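Colleague: I am new to reading protein models. Could you walk me through one, feature by feature?

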Amino acid sequence: MRGYNKLIFELSKEGRNAFSLPENDVGRTPLEDMLPAHLLTKEEVELPEVSEVDVVRHYTLLSKKNYGLDTGFYPLGSCTMKYNPKINEDMSSLDCFANLHPYQPEDTVQGALALMYDLDYMLSEISGMSRVSLQPAAGAHGEMVGLMIIKAYHKKRGDNKRTKIIVPDSAHGTNPASAAMVGFDIIEIKSTKDGAVDMEDLKAALSDEVAGLMLTNPSTLGLFEKNIKEIADLVHEAGGLLYYDGANMNAIMGISRPGDMGFDVIHYNLHKTFSTPHGGGGPGAGPVGVKEHLVEFLPVPMIEKSGDRYFLDYDKPYSIGKIKSFYGHFGVMVRAYTYILAMGAEGLKDASRKAVLNANYMMARLKEYYKLPIDEICQHEFVLGGLKDGTDEVTTLDIAKRLIDYGYHPPTIYFPLIVHEAIMVEPTETESRETLDEFIDAMIRIAEEAKENPQVLKEAPHNTPVRRIDEVLAARKPVLKWQND
Amino acid sequence: MHRYIPNTDADAKAMLDVIGIKSMDQLFQGIPDDLILKRALKLDSGISELEIERKMKELGKKNRSTDDLVCFLGAGAYDHYIPSIIKHLAKRSEFYTAYTPYQPEISQGTLQAIFEYQTMICNLTGMDVSNASLYDGATACAEAAIMAVDSTRRNTVLVSETMHPETRQVLKSYMHSREINIAEIPMADGVTDPEMLKKLIDADSAAVIVQSPNFFGIVEDLTEIEKITHGNRSLLVSSVDPISLAILKKPAEYGVDIAVGDAQVLGNNLNYGGPYIGFMAATSKLMRKMPGRMVGQSLDVDGRRAFVLTLQAREQHIRRYKATSNICSNQSLNALIASIYMVTMGKKGLREVALQITEKAYYAAGRLTAGGKYKLAFDQPFFREFALIGPKDADLINRELLANNILGGYNLNKEYGIENGVLLCVTEKRTKQEIDQLTDLMEVI
């Protein structure tokens with residue numbers, strides 16, 4: 001089966017099937033006797049006809065064309081690709097969690113509600129916030145919800161002029177997009193060359209029209225924002241609120257807390273910091289935590305406790321309302337909860353310390369061979385700026401693609417936008433020194449290859465199921481579905 | 001040493017030497033001292049796998065699952081049969097431990113699976129293009145509303161009262177924060193009232209949003225609504241159930257512009273409400289206005305067919321605040337599950353599921369109304385769910401049913417003020433015996 005390249009539709013053969021259903025024990029009724037003909041489709045639905053073994057082989061062979069965390073090292077900056085513990089998967093698959101209907105009576109889901117209530121507490125404690133809504137489906141969704149809360153806060157105070165959100169130019173793309181989603185105008189401020197907030201630019205941007213500032217700390221350059229208290233004071237004095245993008249939280253668990261830094265709202269990425277799998281692009285979960293003065297605006301329902309009994313509380317007149325069906329990605333919450341149980345307070349702190357250790361170790365070894373725009377102790381990630389004595393011929397993209405040949409998932413590239421030829425490396429704490437050394441050796445070898453034989457980089461990757469893909473063709477003549485021709 | 005953290009103290013010491021610092025604390029010297037947490041987090045100590053399992057099962061005992069109860073509850077989350085192979089394939093760690101497929105050469109598995117998903121969503125709905133998924137049916141509906149507002153440059157959306165109440169609430173939150181107006185089209189006899197739509201629709205109406213089968217399970221005829229909507233140059237957004245599309249008229253057959261919905265029913269567990277999966281498909285005219293990721297087919301340098309994320313100029317990581325949406329992570333793994341489900345059921349299987357659902361729901365409605373104690377709230381054709389009015393409040397009936405290990409229906413009094421109304425759901429999993437038992441119990445309550 002080497003070189004398997006079939007689409008499932010190309011396996012289809014009339015008469016085959018993979019499904020298995022019992023006979024209908026209430027008996028057959030002609031469809032038209034139940035539903036009027038004008039409501040029925042005239043077309044047969046076009047789905048493949050394949051046998052069970054076809055399905056199993058097809059998806060197994062597809063999976064082999066993927067690179068997952070279990071396949072190897074995945075040093076993607078700002079994505080925190082840490083090991084996804086297997087027990088998390090087992091717990092979320094337990095019948096008593098996986099097979100609960102969201103509208104079951106509260107008495108029949110006390111275990112699920114207790115888990116959510118406890119997870120709210122755990123996340124609040126880790127970040128120094130008062131309460132957490134577990135509902136947002138992903139980081140960007142959390143950002144949107146956090147910004148809705150900021151909007152609702154100003155509105156309740158009758159402060160209707162605040163229509164602007166400040167976002168640094170080094171921010172994740174979701175930050176400005178989420179602000180736009182909520183109807184805010186965006187003021188982009190510059191970062192200093194070490195990725196910190198430019199204080200003069202910030203001061204100039206602040207006014208009574210500013211609703212808040214979105215910030216990630218450590219920054220996307222992997223550095224702790226030293227002026228954070230001053231920034232918080234400035235924003236608060238100007239009447240704005242401070243939003244914490246939790247993408248980089250893996251650096252600070254048990255070490256420093258956004259709540260103590262002065263942030264009012266935060267979103268977490270359970271699929272980054274709390275070890276739940278990325279699923280090839282989701283589902284994640286982006287809970288939102290707030291300080292006391294914003295609790296009343298959190299989405300409904302919140303999980304509350306009365307005596308020994310947990311319940312869903314919809315009675316929140318100032319809530320921003322519902323932002324998603326039901327209560328969020330419960331299956332993801334079960335995984336994160338399991339992880340926090342496994343780690344405990346000291347385990348989480350050790351995770352952050354080792355994540356930062358790993359990043360600094362890699363940075364120290366790589367800076368001889370790659371440009372390092374900011375040479376100081378980093379947090380959980382660092383950003384290189386291409387080859388140290390490279391020419392324009394070999395780009396960051398070539399380096400990334402060549403890493404694939406060495407069996408690695410490349411780091412995040414060309415982000416943050418403020419670093420030329422950026423290579424953003426985040427090893428996480430779940431990698432051993434040996435793994436880091438092997439990766440570093442591959443990076444060094446690639447730096448040598450760039451001088452000796454740049455062509456081998458330009459043509460990389462060589463041994464993958466497919467090689468470099470014509471992205472321009474894909475966008476110019478979009479083929480977004482298979483058609484029988 | 002924690003089992004998830006391989007580097008030992010000895011490793012750490014050697015690594016600190018390479019870095020050129022003396023202690024772990026020096027790694028955090030960039031953090032102002034008054035921001036360093038001087039105490040331990042107030043969390044329990046980490047525990048072993050065995051203890052975790054014990055604790056979680058203890059918690060689980062306080063839940064009663066649909067394995068334990070016979071489920072007649074639907075209202076947006078459905079207890080369908082899930083083929084065994086789904087968990088085996090979707091739990092392959094090459095799928096679930098992968099990141100978003102930004103490096104296509106080592107992500108062809110995910111990319112091809114999404115391409116196939118997009119194809120099948122298009123085939124089910126009859127629409128031209130599908131994206132790679134959205135969070136859930138409700139947020140997909142909100143994204144469709146925003147898309148309609150952006151493409152028509154109008155600022156009001158009209159949503160039917162028969163749309164799922166939670167979806168309407170989510171729509172309200174999204175529209176409210178963006179200062180888009182939203183109005184509800186009242187229903188008449190359980191369906192969207194076209195006369196009310198005619199009164200409400202005007203030059204500012206960007207979209208008309210309807211659901212079919214609607215919240216009451218009623219299959220709505222969109223013919224007239226489509227005429228009114230397009231006559232006003234508004235877009236028609238329809239929220240649909242993917243299983244029902246094996247037998248019901250497709251959105252494209254009605255001339256719908258954007259079809260959305262939740263594909264939880266395609267092989268995804270109930271999961272106490274999530275993760276589920278929102279889908280969206282549209283006409284090709286709206287392709288570049290769509291939110292979220294899309295996978296396209298292309299060629300690699302050797303001329304081989306290859307798949308890649310495409311039309312990214314719509315997305316946040318390229319366009320930032322000008323993006324069509326802020327969505328980044330979506331429901332990729334749930335889309336994979338939905339795909340495996342659709343492939344496994346296939347052309348014949350999906351139709352068989354849809355037929356069995358209809359037959360069993362009609363059988364149940366017939367049995368329940370035969371005694372005269374319950375009557376259908378609306379005299380309309382339905383799929384999977386139907387609304388009954390009985391002699392007592394649904395909560396009371398449900399308590400009795402629960403005592404007999406049956407999960408009863410959704411109380412229609414809360415959201416719709418239908419006194420003693422209950423929405424019952426019958427999937428292909430329910431047997432004749434279970435339906436008969438439900439009938440017998442409800443007769444004597």
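This is a predicted model: local features need pLDDT of at least 70, side-chain atom pairs count only at pLDDT 80 or more; totals for chains, interfaces and linings use all residues.

Colleague: At what angle do helix α6 and helix α7 of chain B pack?

Modeller: Helices here are DSSP runs of H or I with at least four residues, strands are runs of E with at least two, and both are numbered from the N terminus. An axis is a line fitted to C-alpha atoms, for helices over the stretch in contact, and angles run from 0 to 180 degrees between N-to-C directions. In this case α6 (residues 137-152) and α7 (residues 165-178) of chain B pack at about 40 degrees, with axes 8 Å apart. α6(B) and α7(B) are therefore oblique to each other; angles under 35 degrees count as roughly parallel, over 145 as roughly antiparallel, 65 to 115 as roughly perpendicular and the rest as oblique.

Colleague: Which residues of α6(B) and α7(B) meet?

Modeller: Contact means heavy atoms within 4.5 Å. On the α6(B) side the residues include Ala138(B), Ala142(B) and Ala145(B), and among their partners in α7(B) are Val170(B), Leu171(B) and Tyr174(B). The residues of this contact of α6(B) with α7(B) divide into 9 nonpolar, 2 polar and 2 charged. For these classes, Ala, Val, Leu, Ile, Met, Phe, Trp, Tyr, Cys and Pro count as nonpolar, Asp, Glu, Lys and Arg as charged, and the others, Gly among them, as polar.

Colleague: How do α12(B) and α15(B) lie to each other?

Modeller: Helix α12 (residues 332-370) and helix α15 (residues 432-444) of chain B pack at about 25 degrees, their axes 10 Å apart. α12(B) and α15(B) are therefore roughly parallel to each other. Their contact, by class, has 6 nonpolar, 1 polar and 6 charged residues.

Colleague: Now the sheet. In what order do the 7 strands of chain B come?

Modeller: First the general idea: strands of a sheet pair through backbone hydrogen bonds, either parallel or antiparallel. Two strands pair if DSSP finds at least two bridges between them. In chain B the order is β2-β10-β9-β8-β7-β3-β4, an open sheet with mixed pairing. β2 (129-130) and β4 (181-185) of chain B stand at the edges with a single partner strand each, so one side of each is left without a neighbour in the sheet. For β2(B), 2 bridges join it to β10 (residues 278-282) of chain B, and these strands run antiparallel. Ser130(B) stands opposite Ala281(B) in β10(B).

Colleague: What lies across the strands of chain B?

Modeller: Helix α5 (residues 108-125) of chain B lies across β2, β9 (258-262) and β10 of chain B, at about 65 degrees to β10(B). Helix α9 (residues 223-231) of chain B lies across β7 (205-212) and β8 (235-240) of chain B, at about 145 degrees to β8(B).

Colleague: Is strand β5 of chain A buried or exposed?

Modeller: Buried means under 20% relative accessible area, exposed over 50% and partly exposed in between, using a 1.4 Å probe and protein chains only. In a regular strand the side chains alternate between the two faces of the sheet. For β5 (residues 241-245) of chain A, 5 of the 5 residues are buried, so it is largely enclosed by the rest of the structure. Leu241(A), Tyr243(A) and Asp245(A) are on one side, with Leu242(A) and Tyr244(A) on the other. Strand β4 (residues 210-215) of chain A runs parallel to β5(A) and is joined to it by 4 bridges, and Met214(A) has Tyr243(A) as its bridge partner.

Colleague: How many residues of helix α12 of chain A are buried?

Modeller: In α12 (residues 396-405) of chain A, 8 of the 10 residues are buried. These buried residues pack against β11 (412-413), β12 (423-425), α13 (433-452) and α14 (454-458) of chain A. Just after α12(A), Gly407(A) takes a positive phi of about 90 degrees.

Colleague: And what is Lys349(A) in contact with?

Modeller: Lys349(A) lies in helix α11 of chain A and is partly exposed, with a relative accessible area of 32%. Leaving aside neighbours within four places in sequence, Lys349(A) is in contact with Met253(A), Gly254(A) and Ile255(A).

Notes: Residues are numbered from 1 along each chain as its sequence is written. Chains are lettered from A and ligands numbered from 1 in the order in which they are written. Side-chain values use heavy atoms; hydrogens and water are left out.
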